[in-house]
Amino acid sequence: MRDMLWHAFPEARALILAEEQSLLDEESPFPVVGTYQLVSHCFYWEVFRPAMERGDQALLARCFAFVEQLLDTGDPEIVEAVSIRLGMPMGTGPEWRQAVAEGAGPLFRDVLENYR
């Protein structure tokens, strides 16, 4: 998950490194940023939501393509993180509905259907 995000969104790299450094600073026995944290903090808050707020259509298209790529892995942990973080809280508001209508792929649409 980390490598996928790292390569897809240079915008998220500084936060990924900060999250990793935080774990090292805490001397965590497992200094690996978890999947949900990557999806929530490093993708949603750092890239996806700001793109939506700015109306950055090019970045939104990349975000929606990335979500499809994540869901297509079939990895239960990734699918659950995407479903919880992006499915439930983002499924409201006219801006979000418009963006989904224009950009979400079939896998993400299926996730969103579960939260209606």
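Me: In which helix is the place of Val39?
Reply: This is a predicted model, in which residues are numbered from 1 along each chain as its sequence is written, and side-chain values use heavy atoms, with hydrogens and water left out. Local features need pLDDT of at least 70 and side-chain atom pairs count only at pLDDT 80 or more, whereas totals for chains, interfaces and linings use all residues. Helices are DSSP runs of H or I with at least four residues, strands are runs of E with at least two, and they are numbered from the N terminus. In that numbering, the place of Val39 is in helix 3.

Me: Is Val39 buried or exposed?
Reply: With a 1.4 Å probe and protein chains only, buried means under 20% relative accessible area, exposed means over 50%, and partly exposed lies in between. Because its relative accessible area is 0%, Val39 is buried.

Me: Which residues is Val39 in contact with, leaving aside its neighbours within four places in sequence?
Reply: Contact here means heavy atoms within 4.5 Å. The C-alpha atoms of Val39 and Ile78 are separated by 8.3 Å although these residues are 39 apart along the chain. Leaving aside the neighbours within four places, the contacts of Val39 are Met1, Tyr44, Ala81, Val82 and Arg85.

Me: How many disulfides does a search of the whole structure find?
Reply: A disulfide is a covalent bond between the sulfur atoms of two cysteines, and here it is taken as a pair of cysteine sulfur atoms within 2.5 Å. Cys63 is too far for a bond, because its sulfur is 13 Å from the closest cysteine sulfur, in Cys42. Cys42 is buried at 0% relative accessibility, and Cys63 is buried as well, with a relative accessible area of 0%. The number of disulfides that the search finds is zero.

Me: What is the volume of the second largest pocket?
Reply: On a 1 Å grid over the protein atoms alone, a cavity is a set of points where a 1.4 Å probe fits but cannot get out, whereas a pocket is an open set with protein on both sides within 12 Å along at least five of seven lines, and lining residues have an atom within 4 Å of a point. Grid points are joined across faces, edges and corners, and a volume is the space filled by probe spheres set on the points. For the second largest pocket, that volume is about 150 Å³.

Me: Which helix supplies the largest share of the lining of the second largest pocket?
Reply: The lining includes Met52, Leu60, Ala61, Phe64, Gln98 and Glu102. Two elements give two or more residues to it, helix 4 (57-72) and helix 6 (94-103). The largest share, five residues, comes from helix 6.

Me: What is the relative accessible area of Ala61?
Reply: Ala61 lies in helix 4 and is among the residues that line the second largest pocket. Ala61 counts as partly exposed because its relative accessible area is 46%.
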